[in-house]
Amino acid sequence: MILNRNLEINFIKNIQKKHSQLTMQEQMKLLERNNKVNSKFELNVINCNRLLLLNKKLFDEEKRMFSLYRNIKTQCKELVKNQLIDDFEIEITLECWNKNYYEKFDPDLEGNPFFEISCNFMDFQDDMMYKKLDFYEFEANLPIQKTEHCCTFHHLYDHTILTFFDLCNIDEIWMELKVIYQNYTNIK
């Protein structure tokens, strides 16, 4: 698919910003780009398979992160109980990487993800064992087989500025767990 180089350069620069930092003009450029991409993008068998593979890999990473998250949360609660810290936050971020498409529009992406988002699927995991929950919300007329969608995959296609074209261009994902230990004190 051939896209306008300037639109892609603007897209790359703007999706690396937090949504709250985007100007109205930048948001309009993103929407313009995505409308053009969506009008040209074909959700064929190859692209559907790419999306299904991405969903599978994200499911695998969620499951892998689940145990680590649970263990760290237990440790952090113990640190609070023993008054070694006052509080904590655990954040899960997802980095999306592509070495073949986006870097040709922005050489600064070499060695960096083209998109990063906080996506804490653990908010939906109440049990002690990882539950494969279904967040499927594709339109009924899409030519993709009905399969369970993990929370992270759903988040990417339903709650970000990324298009299906962009999701098909993800060739690496990095899921990171970040722990913030918090201490505070009153100064009178």
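A nonpolar core is a set of buried Ala, Val, Leu, Ile, Met, Phe, Trp, Tyr and Cys residues joined through side-chain atoms within 4.5 Å. Buried means under 20% relative accessible area, exposed means over 50%, and partly exposed lies in between (1.4 Å probe, protein chains only).

This is a predicted model: local features need pLDDT of at least 70, side-chain atom pairs count only at pLDDT 80 or more, and totals for chains, interfaces and linings use all residues. Residues are numbered from 1 along each chain as its sequence is written, and side-chain values use heavy atoms, with hydrogens and water left out.

**The core**

The largest nonpolar core has 42 residues. Leu-58, Phe-114, Phe-115, Phe-153, Leu-156, Leu-162 and Leu-167 touch the most other members. Among the elements that give two or more residues to this core are α1 (5-15), α2 (24-40), β1 (87-97) and β3 (172-182). Helices (H or I, at least four residues) and strands (E, at least two) are DSSP runs, numbered from the N terminus. Which element gives the largest share of this core? It is α3, with nine residues.

Now take Phe-115. Contact means heavy atoms within 4.5 Å. Leaving out residues up to four places away in sequence, Phe-115 touches Ile-15, Leu-94, Glu-95, Cys-96, Leu-156, Thr-160 and Leu-162.

**The sheet**

Strands of a sheet pair through backbone hydrogen bonds, either parallel or antiparallel. Two strands count as paired if DSSP finds at least two bridges between them. Here three strands form an open sheet in the order β2-β1-β3, with antiparallel pairing. β2 and β3 are the edge strands, and each pairs on one side only. Neighbouring strands are turned by 25° against each other on average, direction ignored. Axes are lines fitted to C-alpha atoms, for helices over the stretch in contact, and angles run from 0 to 180 degrees between N-to-C directions. α3 packs on the sheet and touches β1 and β3. The direction of α3 makes about 10° with that of β3.

β1 pairs with β2 over four bridges and with β3 over 11 bridges. Thr-93 has Ser-118 in β2 as its bridge partner. Cys-96 stands opposite Phe-115 in β2. Glu-89 has Ile-180 in β3 as its bridge partner. Eight of the 11 residues of β1 are buried, so β1 is largely enclosed by the rest of the structure.

**Aromatic rings**

A pair of aromatic rings is described by the distance of the centres and the angle of the planes. Rings of Phe, Tyr and Trp (its six-membered ring) pair if their centres lie within 6.5 Å; planes under 30 degrees apart count as stacked, over 60 as edge-to-face and the rest as tilted. The whole structure holds nine aromatic pairs. Two of them share Phe-165.

| Pair | Centre to centre | Angle of planes | Type |
|---|---|---|---|
| Phe-41 and Phe-165 | 6.2 Å | 70° | edge-to-face |
| Tyr-101 and Phe-165 | 5.3 Å | 85° | edge-to-face |

Both pairs link distant parts of the chain. Phe-41, in the loop between α2 and α3, is 124 residues from Phe-165 in helix α5. Tyr-101, in the loop between β1 and β2, is 64 residues from Phe-165. Are Phe-41 and Phe-165 buried or exposed? Both are buried. Tyr-101 is buried too.

Ring pairs link Phe-11, Phe-41, Tyr-101, Tyr-102, Phe-105, Phe-114 and Phe-165 into a cluster.

**A loop residue**

Most residues other than glycine have a negative phi. Gln-83 has a positive phi, near 60°. Gln-83 is found in the loop between α3 and β1. At 71% relative accessibility, Gln-83 counts as exposed.
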